[in-house]
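Please keep the sequence and the structure in view while reading.

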Amino acid sequence: MCTMLHSVITLSHLDLDLSENKKITDSGVIDLSHRLSQLTHLISFQINLFWCYEVGDVGVSHVMDAIQSLQHLSRLHMNLWGCRGVTDVGGQKIGDIMRASTSLIDVEVDIKETRISESGVANLRSVKAVSYTHL
């Protein structure tokens, strides 16, 4: 059991596809973020929350806090397409963490069909080295 736990803690790449899971809520994403912050050797994280419409600013904020604690993370791909609870508050949190990060060099965030306003999108686009998709 200890070896298995050690293997999980030293995981370097994580790709979670939770797309179209109507049971995923902010609570589930918060729980996930607590576990994510324990993956101290993670260098690549991809999370697909496509049309998880119960996920909002609170869940995104917790994930971003966990990401901020990952000192080795250099790649982040986050699909929030259809997460209708994500507003400028969540967008601001994403932008703030991206600005503060010194390790992230490959970042893609898809915010189509969220409730991030045009001014929120402009704020996100001001972050260097980050690719945002928004229609």
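## Strands E1 and E2 and their crossover

Leu14 has Phe45, in strand E2, as its bridge partner. From E1 the chain passes through helix H2 (residues 26-36) on its way to E2, and this β-α-β crossover is right-handed, a term meaning that, with the strands pointing away from the viewer, the path from the first strand over the helix to the second runs clockwise. The two strands run parallel and are joined by five bridges, with E2 spanning residues 44-48; strands are said to pair if DSSP finds at least two bridges between them. Helices (H or I, at least four residues) and strands (E, at least two) are DSSP runs, numbered from the N terminus. Strand E1, residues 13-17, has a covered face made of Leu14 and Leu16, whereas His13, Asp15 and Asp17 form its uncovered face.

This is a predicted model, in which local features need pLDDT of at least 70 and side-chain atom pairs count only at pLDDT 80 or more, while totals for chains, interfaces and linings use all residues. Residues are numbered from 1 along each chain as its sequence is written, and side-chain values use heavy atoms, with hydrogens and water left out.

## The buried side of H2

Helix H2 has as its buried residues Asp26, Val29, Ile30, Ser33 and Leu36. They cover an arc of only 120° around the axis, and therefore lie on the same side of H2; the arc is that of the directions from the helix axis to the C-beta atoms. Buried here means under 20% relative accessible area, exposed means over 50%, and partly exposed is in between, with a 1.4 Å probe and protein chains only.

Among the elements that cover the buried residues of H2 are E1, E2 and H3. Contact is defined as heavy atoms within 4.5 Å.

## Cysteines without a disulfide

A search of the whole structure finds zero disulfides, a disulfide being a pair of cysteine sulfur atoms within 2.5 Å. Cys52 is in no disulfide, and the nearest cysteine sulfur, which belongs to Cys83, is 5.7 Å away.

Rings of Phe, Tyr and Trp (its six-membered ring) pair if their centres lie within 6.5 Å, with planes under 30 degrees apart counted as stacked, over 60 as edge-to-face and the rest as tilted. By this rule the count comes to two aromatic pairs. The rings of Phe50 and Trp51 have centres 6.3 Å apart and planes at 80°, so this pair is edge-to-face. The pair of Phe50 and Trp81 is also edge-to-face, because the ring centres are 5.6 Å apart and the planes stand at 65°. This pair links distant parts of the chain, since Phe50 is in the loop between E2 and helix H3 (57-68) and Trp81 is in the loop between strand E3 (75-79) and helix H4 (88-100), 31 residues apart.

Phe50 counts as partly exposed at 22% relative accessibility, Trp51 as partly exposed at 28%, and Trp81 as partly exposed with a relative accessible area of 26%. Trp51, in the loop between E2 and H3, has a positive phi of about 55° although it is not a glycine.

Glu108 lies in strand E4 and counts as partly exposed at 38% relative accessibility. Leaving aside neighbours within four places in sequence, Glu108 is in contact with Leu76, His77, Met78 and Ser131; the C-alpha atoms of Glu108 and Met78, 30 residues apart along the chain, are separated by 6.2 Å.

Asp110, also found in strand E4, counts as buried at 14% relative accessibility. With neighbours within four places in sequence left aside, Asp110 is in contact with Met78, Asn79, Leu80, Trp81 and Thr133. Glu113 lies in the loop between strand E4 (106-110) and helix H5 (118-125), where Glu113 has a positive phi of about 60° although it is not a glycine; at 41% relative accessibility, Glu113 counts as partly exposed.
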